[in-house]
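Hello,

The structure we spoke about is below. My notes on it follow.

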Amino acid sequence: MIYKDDNPSAMCRLILTPGRAENLKLQQLFKAYQLFFEWLDQEVPPNHSNDLVALHRNFYDAARARSGLPAQIVTLGFRDWALRRRGSIVSGIPLDPRLYSVKTVSTLSVSGLNGRILVSFVVGGYDVVLPPNSPARLMQVDNHFEIWAETALPGEQSL
């Protein structure tokens, strides 16, 4: 029997296959996230703490109003921005279970700028590399979108 803490984690690549309207919504989400980071770069003074509580306290309301991003993406985005400010390479948009959910074996939903985006997907495979700094990340890879999500290794069972 394998217990959850003993179960090795991996990354599952979910390759999104959006229609034209969904693709546009995903592109708009990425653009808003990029503009959110650019806004933080301009508004947060260089000597301001990278502490997430301080960032949230001083910039959350303005970031939400300015970006139009879902609340949880703004919150997780502060962590990405602080890591990037410290020199880490951070790609994609961080997701957690409130921001995306698998609906069927071939459909999932992602929080977008104006509600949930329902998107078809196919499993692109597994890797031992985990999504950086969050349970899942929405990634733009070449000309398509993927969600890289933490999962148990295929064939492993946990309680």
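**Salt bridges and other contacts**

There are four salt bridges in the structure (a side-chain nitrogen of Lys or Arg within 4 Å of a carboxyl oxygen of Asp or Glu). The model is predicted, so local features need pLDDT of at least 70 and side-chain atom pairs pLDDT 80 or more, while totals for chains, interfaces and linings use all residues. Residues are numbered from 1 along each chain as its sequence is written, and side-chain values use heavy atoms, without hydrogens and water.

One of the salt bridges joins E146 and R13, at 3.0 Å from N to O. E146 is in strand β7 (residues 144–152) and R13 in strand β1 (residues 9–16), 133 residues apart. Strands (E, at least two residues) and helices (H or I, at least four) are DSSP runs, numbered from the N terminus. E146 is buried, at 1% relative accessible area, whereas R13 is partly exposed at 25% (buried is under 20%, exposed over 50%, partly exposed in between; 1.4 Å probe, protein chains only).

D80 and R137 form another, with the closest N and O atoms 2.4 Å apart. Here D80 belongs to helix α3 and R137 to strand β6 (residues 136–141), 57 residues apart. Both residues are buried.

Strands β4 (residues 107–112) and β5 (residues 115–127) pair antiparallel over six bridges; pairing requires at least two DSSP bridges. V110 has I117 in β5 as its bridge partner, and two residues separate the strands of this hairpin.

Regards
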